[in-house]
Structures are given as structure tokens and as C-alpha cells.
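Opening the notebook on this one. I want to go from single residues up to the whole chain and jot down what I find.

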Amino acid sequence: MSGTQAVDFSSTGHDYFPSGSPQRQWLDAYAKGVTRFVASAAAAGVSSYFFVDLLVFPAPVVAAWPNATDGSGRLVWNAATRQLLEVLVDETFSQFPTVAGWIVRTGETYTYDTCLLYTSPSPRDS
């Protein structure tokens with residue numbers, strides 16, 4: 001489970017997931033599940049850590065930040081992605097302040113279980 005997937009990037013001043021949209025409904029439901037997970041861990045006296053794939057941002061966020069990509073949809077490391085990563089970190093730990101930290105995964109990233117929020121290039125596009 002990853003609280004990073006419950007972040008809505010609202011601190012950027014933009015509403016990427018409008019109220020009532022399927023994406024907002026998914027995001028809110030997921031956040032409730034993460035909150036239950038964190039509370040359950042705390043009740044058991046166990047520290048909770050989130051896994052995180054870097055760099056993965058919701059498709060609506062990337063669409064609003066075209067300078068974060070190489071023009072074909074692939075993220076690049078620059079000032080825009082750095083700022084989005086800072087928002088991701090800040091909002092994750094603001095929303096879930098009792099989480100002990102992150103476990104950063106590297107390698108292939110699959111977003112099939114978050115299809116309403118994320119899109120990734122097809123392997124054939126590589």
C-alpha cells in the first residue's frame with residue numbers, strides 16, 4: 001500500500017480530481033483504505049512504511065505540467081518533476097503524519113491497479 005497514490009497534488013493550486021469525478025471517488029476511497037491501514041499498524045504497535053515508485057505521477061497532473069515530459073509523455077528529471085516530487089513528499093506526510101517513511105522501489109513500474117489516475121506508455125512505445 002502506498003499513501004503516495006492518495007495524494008491529490010492540491011497544494012499546487014489546481015484541482016486535478018474534481019469533486020464527483022470517478023477519479024476523485026477512487027482517490028477518496030483509496031485514501032480511506034490507507035488511513036485504516038496506518039491506524040491498524042499503529043494500534044498493533046508497528047511502524048508503517050509506504051512503498052513508492054519514483055517517478056510516477058497521476059496522468060491529470062502530468063497533463064497539466066507538459067514541461068515535466070520529453071514531449072512524448074515520458075517523464076524527465078528537471079525543475080518541474082523536482083517540484084512535483086516535493087509536492088508528493090509534502091502531501092504524503094501531511095496526509096499521513098504517523099507514517100515512518102518510504103521504501104523506494106526501482107525498476108519496472110506498472111499502474112494497472114490505479115488505472116483511473118495513472119497511465120504509462122505501452123512497452124511497445126519504448
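I began with V62, which sits in helix α2 (residues 59-64). For the record, helices (H or I, at least four residues) and strands (E, at least two) are DSSP runs, numbered from the N terminus. I am working on a predicted model, where local features need pLDDT of at least 70, side-chain atom pairs count only at pLDDT 80 or more, and totals for chains, interfaces and linings use all residues. Residues are numbered from 1 along each chain as its sequence is written, and side-chain values use heavy atoms, with hydrogens and water left out.

Is V62 buried or exposed? V62 counts as buried because its relative accessibility is 16%; the cut-offs I use are under 20% relative accessible area for buried, over 50% for exposed and partly exposed in between, with a 1.4 Å probe and protein chains only. Setting aside residues up to four places away in sequence, I found V62 touching F57, T69 and L75, where contact means heavy atoms within 4.5 Å.

**Helix α3**

Next I looked up α3 (residues 79-95), which has 17 residues and reaches 24 Å from first C-alpha to last, close to the 24 Å expected at 1.5 Å a residue. That expected span is 1.5 Å times one less than the number of residues. At the start of α3, a side-chain oxygen of N78 comes to within 2.9 Å of the backbone nitrogen of A80.

The buried residues of α3 are A80, T81, L84, L85, V87, L88, E91 and T92. They cover an arc of only 160° around the axis, so they lie on the same side of α3; the arc is taken from the directions from the helix axis to the C-beta atoms. On the other side of α3, I noted A79 and S94 as exposed. The buried residues of α3 pack against β1, α2 and β2 (101-105).

**Cores**

Which residues have the most contacts inside the largest nonpolar core? I got F9, Y16, F57, V61, W65, L84 and L88, in a core of 15 residues. A nonpolar core here is a set of buried Ala, Val, Leu, Ile, Met, Phe, Trp, Tyr and Cys residues joined through side-chain atoms within 4.5 Å. The elements giving two or more residues to this core are α2 and α3, and α3 gives the most, with five. Apart from this core lies another of eight residues, including A6, Y30, V34 and V99.

**Two serines**

I then checked S48, in the loop between α1 (22-43) and β1 (49-53). S48 counts as buried because its relative accessibility is 4%. Leaving out neighbours within four places in sequence, S48 is in contact with F37, V38, A41, T98, V99, A100 and G101.

S21 lies in the segment before α1 and is buried, at 13% relative accessible area. Its side chain reaches the backbone oxygen of P18 at 2.8 Å, and a polar atom of the S21 side chain lies 3.1 Å from the backbone nitrogen of R24.

**Whole chain**

Zooming out, I count three helices and two strands, in the pattern α-β-α-α-β along the sequence. Of the 126 residues in the chain, 37% are buried. Among contacts between residues at least 6 apart in sequence, 68% join residues at least 24 apart.

How values were computed
A polar contact is a pair of N or O atoms within 3.5 Å; within protein, one must be able to donate a hydrogen and the other to accept it, and residues adjacent in sequence count only if both atoms are side-chain atoms.
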